[in-house]
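Here is a short briefing for a first look. Keep the sequence and the structure open as you read.

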Amino acid sequence: MKKALITGITGQDGSYLAELLLEKGYEVYGIMRRKSKVDYGNIEHLKDKVKLIYADMTDIVSLINAINISQPDEVYNLAAQSFVGASWEQPVATADIDANGVLNILEAIKNVKPDARFYQASTSEMFGLVQEVPQKETTPFYPRSPYGVAKLYGHWITKNYRESYNMYTCSGILFNHESERRGLEFVTRKITDAVARIKLGVQDHLELGNIDAKRDWGHSKDYVRAMWLMLQQDIPDDYVIASGETHKVREFIELAFQHVGIDVVWSGEGVGEVGKDKATGKVIVKINSKFYRPAEVELLLGDPTKAKKNLNWELEITFSELVKRMVESDLEKVRSEINGREYFNEAAATK
Ligand code: NAP
Ligand code: GDD
């Protein structure tokens, strides 16, 4: 039985990767942060199937302990402060976790289990102000946020440990991937949650920043498969994982509303732009400059040719299927929230 250690197991990708590895018969270990209240995040349903170890990316002693306990064949380093917007508010914490944290875990592996294979969660944010379209493994980097800059250090130190110590280390340069388990602060989930609430009458409108930004979006389930494939190769290497399509945020909004039978029509410009329900004329989308970023990544479009060729990786969930799954899941969540509230109101009323 192979053993794998996942950092960031409670996050979106960590949860899908844990499911994939359990299906493949791995013994799965995960590190979890100690918080004031125990929170299993996205792995509530897996907590009895995986072995959890308390550790933190900023504490090398805890990481050495985690490697010692798990003795992993494979380590997937997914833990990060992953919200780009927050990286301007917490640049030092972001660097500690997303840059130095990678060094900490590489050192822990080098000293305790140097033959473990290592996956680093690199990102298309490293391309930032893109120097080439589409972006591939050889495209020069130009990060545009403290998050992107920190991740670039993680990327290069992963490569450096491969070249310096002959360790099996890979970086997956993953473009945006979303899911029903995505955090509510990310634009896709913010949209699908709001669409469900507006449709069910518990929210008036949605406020966003730059809706002309373009992203290359896929589903997390497809992307965690690529992580596993990277660690099964004879030679460690770095790969771009992307859908090869790019869409504006506004297209995501339009499609999400279409799934609940609402057509959005746009009028105005810049912060004055609004999206209205075509049937009722009601404003359902507004622009709020507080969601603009100090420096923006306007366009991401990845070229996954190398992954398709070497890893035999293919995307299975299309953009429109992704939007549909997220909207349907949020409709269900909001409906049960409303039903729960009604149940409690009713219970209170009958007392
Ligand atoms: P996510 O949902 O935000 O999950 C991040 C995970 O990291 C959570 O489990 C979080 O734990 C953990 N974490 C944060 N700080 C930590 C610390 N100091 N010590 C230990 N654990 C810590 O992110 P995701 O979308 O699954 O992404 C996974 C990885 O891929 C991240 O490294 C992200 O930067 C990278 N990435 C993501 C995308 C994407 O589009 N999703 C694209 C490219 C790269 P808590 O539950 O305690 O907060
Ligand atoms: N979050 C958010 N909220 N983004 C908004 C909003 C809003 O209200 N309005 C417009 N946007 C725009 C952002 O300015 C950005 O251009 C785009 O929507 C996507 O934002 P996010 O969903 O927050 O994702 P991201 O692209 O910044 O970062 C994600 O993808 C990276 C890979 O490219 C994260 O998952 C990163 O961890 C990941 O590395």
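Predicted model: local features only at pLDDT ≥ 70, side-chain atom pairs only at ≥ 80, totals over all residues.

Residues are numbered from 1 along each chain as its sequence is written, chains are lettered from A and ligands numbered from 1 in the order in which they are written, and side-chain values use heavy atoms, with hydrogens and water left out.

**The sheet**

- Four strands form an open sheet in the order E8-E15-E14-E13, with mixed pairing. Strands are DSSP runs of E with at least two residues, helices are runs of H or I with at least four, and both are numbered from the N terminus. Two strands pair if DSSP finds at least two bridges between them.
- Strands E8 (206-208) and E13 (264-267) are the edges, each pairing on one side only.
- Neighbouring strands are turned by 20° against each other on average, direction ignored. Axes are lines fitted to C-alpha atoms, for helices over the stretch in contact, and angles run from 0 to 180 degrees between N-to-C directions.
- E13 pairs with E14 (residues 274-277) in the antiparallel sense, over 4 bridges. Here serine 267 stands opposite valine 274.

**Helices on the sheet**

- Helix H6 (residues 187-199) lies across E8 and E15 (283-287), at about 160° to E8.
- Helix H8 (residues 249-258) touches E8, E13 and E15 (contact means heavy atoms within 4.5 Å). The direction of H8 makes about 145° with that of E13.

**Ligand 1**

- Threonine 10 has a polar side-chain atom 2.6 Å from a ligand oxygen (a polar contact is a pair of N or O atoms within 3.5 Å). For tyrosine 147 the distance to an oxygen of ligand 1 is also 2.6 Å.
- The protein buries 89% of the 900 Å² that ligand 1 exposes alone (Shrake-Rupley method, 1.4 Å probe).

**Ligand 2**

- Ligand 2 is surrounded by 24 residues, and Ser82 and Arg293 are among the closest.
- A polar side-chain atom of arginine 293 lies 2.6 Å from an oxygen of ligand 2.
- The protein covers 95% of the 710 Å² of accessible area that ligand 2 has on its own.

Definitions and conventions: Polar contact = N/O pair within 3.5 Å; in protein donor to acceptor, adjacent residues only side chain to side chain. Near = heavy atom within 4 Å.
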